[in-house]
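Morning, everyone. Please look at the chain on the screen, and I'll walk you through it.

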Amino acid sequence: MSDDRIEHRAADLLPEERTAGSADPRAQAAAILAESDEREDAPEASPADPPRDGTR
């Protein structure tokens with residue numbers, strides 16, 4: 001994962017991500033991107049119908 005990609009994502013956190021707050025937006029962005037990459041690499045591992053309340 002590139003530093004540019006992380007920096008861009010950290011600068012563009014969604015409103016709900018900003019509201020949740022983070023002591024380290026860059027680390028938050030890296031975690032978000034890592035989870036996204038995992039879902040792209042193994043889409044069959046993602047739930048077909050995720051819960052609507054945002055929990056897993």
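Of the 56 residues of the protein chain, 16% are buried. Buried means under 20% relative accessible area, exposed over 50%, and partly exposed in between, with a 1.4 Å probe and protein chains only. This is a predicted model: local features need pLDDT of at least 70, side-chain atom pairs count only at pLDDT 80 or more, and totals for chains, interfaces and linings use all residues. Numbering runs from 1 along each chain as its sequence is written, and side-chain values use heavy atoms, with hydrogens and water left out.

Now surface. The accessible surface of the chain is about 4500 Å², and 51% of that belongs to carbon and sulfur atoms. Areas come from the Shrake-Rupley method with a 1.4 Å probe; for residues, only the protein chains shown count as cover.

Next, the fold. We have three helices and zero strands. The order is α-α-α. Helices are DSSP runs of H or I, at least four residues; strands are runs of E, at least two; numbering starts at the N terminus.

Take α3, residues 25-41. Its 17 residues reach 24 Å from first C-alpha to last, close to the 24 Å expected at 1.5 Å a residue. That expectation is 1.5 Å times one less than the number of residues.

Which residues of α3 are buried? Gln 28, Ala 29, Leu 33 and Asp 37. Their cover includes α1 (3-11) and α2 (15-20).

Last, Asp 37, in α3. Its relative accessible area is 19%, so Asp 37 counts as buried. Beyond its neighbours within four places in sequence, Asp 37 contacts Met 1 and Arg 5. Contact means heavy atoms within 4.5 Å.
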